[in-house]
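Trainee: Could you walk me through this one as a tutorial, feature by feature?
Mentor: Gladly; let us look at it together.

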Amino acid sequence: MHVPDGMINLPVSAAAGVVAAGAVAASLRGARRELGSGPLAEGHGAERTAPLAGLVAAFIFAVQMLNFPVAAGTSGHLLGGALAAILVGPYTGVLCIAVVLLMQGILFADGGLTALGVNITVMGVVTVIVSYGIFRGLLRVLPRKRRSVTVSAFVAALVSVPAAAAAFTLLYAIGGTTDIPIGKVLTAMVGVHVLIGIGEAAITALTVGAVIAVRPDLVHGARGLAAPLKLRVDGELVDAPAPAAGPAVPVAARSPRGLLAAGLGTALLLAGVVSFYASANPDGLEKVAADKGIDKEVEEHAAADSPLADYGVKDISNARLSGGLAGMIGVGATVVVGSGIFYVVHRRRTTNAPGSSGPSASASASAEQA
Amino acid sequence: MNTQPPPSLEVRGLAYAYPDGHQALFGVDLTVGRGERVALLGPNGAGKTTLVLHLNGIHTAGAGSVTVAGLPVAKRNLAEIRRRVGIVFQDPDDQLFMPTVREDVAFGPATSGLRGAELEARVVAALTQVGMAEYADRPPHHLSFGQRRRVAVATVLAMEPEILVLDEPSSNLDPASRRELADILRALDVTVLMVTHDLPYALELCPRAVILSEGVIAADGPTRKLLGDAELMGAHRLELPFGFDPTSVASR
Amino acid sequence: MGAGHAHKLYRHGHSPVHALPPHCKLAAVLCFVLVVVSTPREAVWAFGLYAVLLAGVAALARVPAGFLLRRMLIEVPFVAFAVLMPFVVPGDQVQFLGLSLSVPGLWGAWNVLAKGTLGVAASVLLASTTELRALLLGLQRLKLPPMLVQIASFMIRYGDVITDELRRMSIARRSRGFEARGVRHWGVLGKSAGALFIRSYERGERVHLAMMSRGYTGTMPVIDEMTASRAQWTSAAALPLSALAVCLLGWTLL
C-alpha cells in the first residue's frame with residue numbers, strides 16, 4: 001500500500017504531510033508518557049523512548065518479513081499498525097510505524113518521498129487510531145478475560161486495514177491525479193482490504209495472545225488485566241504504585257457502550273459475510289494471498305540475507321481494482337470505521353479529563369474490578 | 001583488606017525488595033579495596049544482578065548504603081556515580097547500541113561532556129587497551145562475539161571508571177577469546193568486580209571471591225580456599241567443572 | 001523476485017557523489033522529486049530529460065545500470081496499479097491492439113509511472129551512494145526531531161539482530177519438523193511473533209539500562225559534527241536546479 005510519488009497531487013500530499021508531522025509531534029510527547037507510565041518505568045519515560053520505540057520499530061520491520069502461508073504456496077505478512085498500537089500503545093505505535101515508513105522510503109525507495117506524509121497518515125495514524133479505539137472500546141464492553149483481549153485485537157486489526165484503505169480513497173478523492181470514479185475505488189479498495197484485514201486480524205490476535213500468555217504486563221492495551229505489580233529481573237525500581245484511589249470510571253465513559261455493541265455486531269456480521277464469501281468463492285483467499293503476499297519467496301531469501309541488505313517486494317497492488325465484491329461490505333466497513341473514529345475522539349475527551357494519563361487511569365479502574 | 005582509604009566500593013547493610021514484595025537482598029555487606037579483583041559467585045536467583053544494578057544507582061537501596069570511592073550512590077550524584085562505575089553487561093549486543101564501534105566507545109565520555117581531540121584520544125586509548133583499535137569504524141554487528149565483548153569492555157574503560165563490574169564476562173566465548181579477555185582484564189589497572197558462574201575463570205583472575213546466596217554474602221575469602229571447600233560450595237549450589245581441582249592449579 | 005534482491009543497499013565508492021555530505025544529498029533528492037511531481041504530465045519530453053539527468057548522476061557515481069534497475073523492482077506493485085488504470089477510468093476510448101483503452105486512464109497511468117519511477121530511481125541512487133549511518137546524520141542535520149533520528153538509528157542497529165532471532169526461531173521450528181503450510185499453522189507463527197516481540201521489548205529495556213549506565217539522560221551526545229561547504233551545496237543543488245529549469249520549460253511550452 002506504499003503510495004508512490006505522483007499518485008496524489010502536491011497540495012494534498014503537503015496537507016497529509018502536515019497531518020503526519022502533527023501526529024508524530026504529538027506522539028513524541030505521548031510516547032514519553034506511555035513508555036514512562038508502564039508498571040516498571042517510573043520517571044524514565046523520556047530516556048526510554050528511543051531504545052524501546054527503536055526496538056519495537058525494528059520488531060515491526062522484522063515481523064513484516066515473517067511469512068504466513070495462506071494456501072498452496074502463497075503467503076502473506078503482517079502490516080503491523082494494529083499490532084503496534086495494542087502492544088505498545090497508540091503514541092508509540094504511530095512513532096514506530098512512522099519511523100519504519102521513513103526508513104523504507106529513504107533506504108528502499110518503498111513509498112515516494114513526497115508521499116511520505118500520505119503514507120504515514122494512512123498506514124500509521126489511521127490504522128493506529130482506529131484499531132486502538134476499537135480495541136479499548138471492546139475491552140470495556142467485553143468480560144475481563146484474556147480471551148476478550150484476543151477477540152478485541154482481532155476485531156481492531158480487522159477493521160484497521162479497510163479503514164486505512166478508506167482513508168487512502170478519501171485522499172485520492174481529494175487529490176488523486178487521475179479521476180477514477182470514487183465509488184468504484186472505495187468499493188474495491190475497502191472490499192479487498194476487508195479480506196486482507198482477516199489475515200491481519202488473525203495474526204495480530206494470535207501474536208497478542210502469545211504475548212499476553214507470557215508477559216501480560218507488556219501488552220499496553222490490556223494493562224488493566226495484569227496484576228498491578230510484576231517482578232522483573234532486569235527491570236528498574238518502581239515505588240510500588242498501589243492501585244490507590246484510581247479515579248472511578250467516569251459515567252460518561254460508559255455511554256458509548258451501545259454504540260460499540262452495534263459496531264461490534266457490524267464487524268462480526270461483516271466477518272461472517274466475508275468468510276462466507278471466502279468459502280463460497282475459493283478465489284477469495286487466493287486474492288488475499290495475491291494482495292498480501294506476492295512475496296512467497298521472501299521467506300527463503302530473508303533467511304539468506306540480512307533484511308537491510310535485502311528487501312522483498314511486498315503487498316503488491318492492494319489497490320487492485322476489481323468490482324467483484326459486494327458494495328455492502330464496503331458500506332459496512334465504513335460504518336464500523338466511522339464509529340471507531342467517533343469512539344476514539346469521544347474517549348480522548350473523557351479520559352483526558354481525569355488527568356495524568358489515560359492508560360493508567362483505566363488500568364487502575366479495571367484493577368479495582370479485577 | 002581496608003588498606004588504602006577510601007575503598008573503591010563499600011556496600012553496607014543493603015536490602016532491597018522488588019515492588020511486588022519479592023525481596024532479593026537481605027543486608028549485603030561488601031568492601032572492595034582499590035585495585036582489587038573480586039569474583040562475585042552465587043547460584044541463579046541469588047540476587048547478583050540485583051546487587052550489580054545497585055552499584056550505579058539503577059536500583060535505589062531500600063535499606064543500607066552503597067558508596068563508590070567515598071561518594072554515596074544517591075540521586076544527586078548519579079551522573080558521577082555512573083562515570084565511576086562501569087558495568088559490562090552480559091549480552092554485548094545490548095551494550096553496543098551505536099552504529100559504529102567508535103561512536104559507541106565515545107558515547108559515555110561524550111555524554112559527560114568530552115569533545116574533539118580529547119574525546120578521540122580517549123576512544124583510541126580504550127580501544128587499544130582491548131586490542132580493537134583497528135575496528136573503530138566497523139558496525140558492531142559485523143564483529144565476532146568475542147570482539148563485541150571486548151568492545152563492550154572498551155566502552156566502559158573509555159569512561160575511566162573507578163571500578164569495572166563485569167556480568168558473566170566469559171559466557172559464550174570460545175577458549176581463545178576467553179583467554180584473550182583474561183589477558184586484557186589482568187593488564188588493566190582498575191578495580192574489578194566480576195559476577196560469574198565460571199569458577200575456573202574466577203580462580204584465574206580474582207585472588208578474592210565472595211559468595212552471594214539468598215540475598216546475603218555467605219562467604220568471603222581467597223578464591224582458592226572457597227573453591228576448595230566442597231561443603232561450602234555444595235551448600236550454595238556451586239559446582240566445579242568435572243576434573244577441575246582448584247588446589248592443584250598454579251596461581252598466576 | 002527471489003535472488004535478485006540479494007544485494008547490499010550501499011555501494012562503496014569514492015565518486016564525487018559519494019563524497020557529498022549526506023544532508024546535501026537528501027535535500028537535493030527531495031527537491032528533485034518535488035520538481036518532478038509538479039511537472040505537467042503532458043510534457044512527456046521533460047520526464048525524458050529527468051531520466052537523462054538521473055542517468056548522468058548514476059554515471060558520475062559509477063552505479064551500474066543493472067544494479068539500479070534491480071533495486072527499482074520495488075515499484076512493481078504500483079506498475080500493476082498503473083496498468084489497470086486505462087481499463088477502469090471512464091472517458092474517451094481509443095482502440096489499441098484490439099483493446100479499448102481510456103485516454104484519461106492512459107494519461108493517469110503515464111503520470112504515476114513516470115513520476116513514481118523517477119522518484120524511486122532518485123531514492124535508490126541516494127541510498128546506494130550514502131552509508132546508512134550518514135543518512136541518519138543527514139536527517140539530523142536537516143532538523144528532523146532528534147528523538148525520531150534516535151529511534152531510527154536504534155531500528156537500524158537492531159534490525160539485523162532481531163531478524164537474526166527470527167531466523168533462528170524459524171530454523172528451530174523446522175529442525176523439529178514443523179513446516180508452515182497453511183492457515184492452520186498460523187497459531188505457531190503467531191506465537192513466534194509474540195515471542196519475538198517479548199525478546200525485542202526486553203532487549204530494549206536492557207539497552208536502556210546499558211545507556212543509563214553510561215550516563216544517558218535522554219539526549220544523544222554530538223560525536224560527529226558535519227558541515228557542508230558552499231561548493232558542496234552548489235554541486236548537490238545542480239540536480240534539482242537543472243530539473244527545475246526543465247520543469248519551468250515544461251510549463252511554458254505547454
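**Reading the chains**

Mentor: Over residues 113–139 of chain A the chain is 89% helix and 0% strand, with its end C-alpha atoms 38 Å apart. Helices (H or I, at least four residues) and strands (E, at least two) are DSSP runs, numbered from the N terminus. This is a predicted model, where local features need pLDDT of at least 70, side-chain atom pairs count only at pLDDT 80 or more, and totals for chains, interfaces and linings use all residues. Residues are numbered from 1 along each chain as its sequence is written, while chains are lettered from A and ligands numbered from 1 in the order in which they are written.

Trainee: Which residues of chain A does UniProt list for "transmembrane region"?

Mentor: The unreviewed UniProt entry lists 49–70, 82–107, 113–139, 151–174, 194–214, 259–278 and 325–345. UniProt positions are given in the numbering used here, feature names are shortened, and annotations may be inferred rather than shown by experiment. In the model, residues 82–107 of chain A are 96% helix and 0% strand, and the end C-alpha atoms lie 24 Å apart. Chain A as a whole has 13 helices and two strands.

Trainee: How many of the 370 residues in chain A are buried, as a percentage?

Mentor: A residue is buried if 20 or more other C-beta atoms lie within 10 Å of its own, exposed if 12 or fewer, and partly exposed in between, with C-beta atoms placed from the backbone. In chain A, buried residues make up 62% of the 370.

Trainee: What should I look for in helix H3 (residues 44–61) of chain C?

Mentor: Start with length: the expected span of a helix is 1.5 Å times one less than its number of residues. For the 18 residues of H3(C) that gives 26 Å, and the end C-alpha atoms are 26 Å apart, so the two agree. Next, see which way the side chains face. The buried residues of H3(C) are C:Ala46, C:Phe47, C:Tyr50, C:Leu53, C:Leu54, C:Val57, C:Ala58 and C:Ala61. They lie on the same side of H3(C), because their arc around the axis is only 140 degrees; the arc is that of the directions from the helix axis to the C-beta atoms. On the other side, C:Val44, C:Trp45, C:Gly48 and C:Val52 are exposed. After H3(C) comes C:Arg62, with a positive phi near 55 degrees.

Trainee: Which strands form the open sheet in chain B, and in what order?

Mentor: Two strands pair if DSSP finds at least two bridges between them. Here four strands are arranged as S2-S1-S4-S5, with antiparallel pairing. Strand S2 (23–32) and strand S5 (71–72) of chain B are at the edges with a single partner strand each, so one side of each has no neighbour in the sheet. Five bridges join S1(B) (residues 9–17) to S4(B) (residues 63–68), and B:Glu10 stands opposite B:Thr67 in S4(B).

Trainee: How many residues of chain B are in contact with chain C?

Mentor: Two residues are in contact if their C-beta atoms, placed from the backbone, lie within 7 Å. By that rule, 24 residues of chain B touch 20 residues of chain C. Helix H2 (78–84), helix H3 (92–95) and helix H4 (101–111) of chain B each supply at least two residues of that side of chain B, and H4(B) gives the most, with six.
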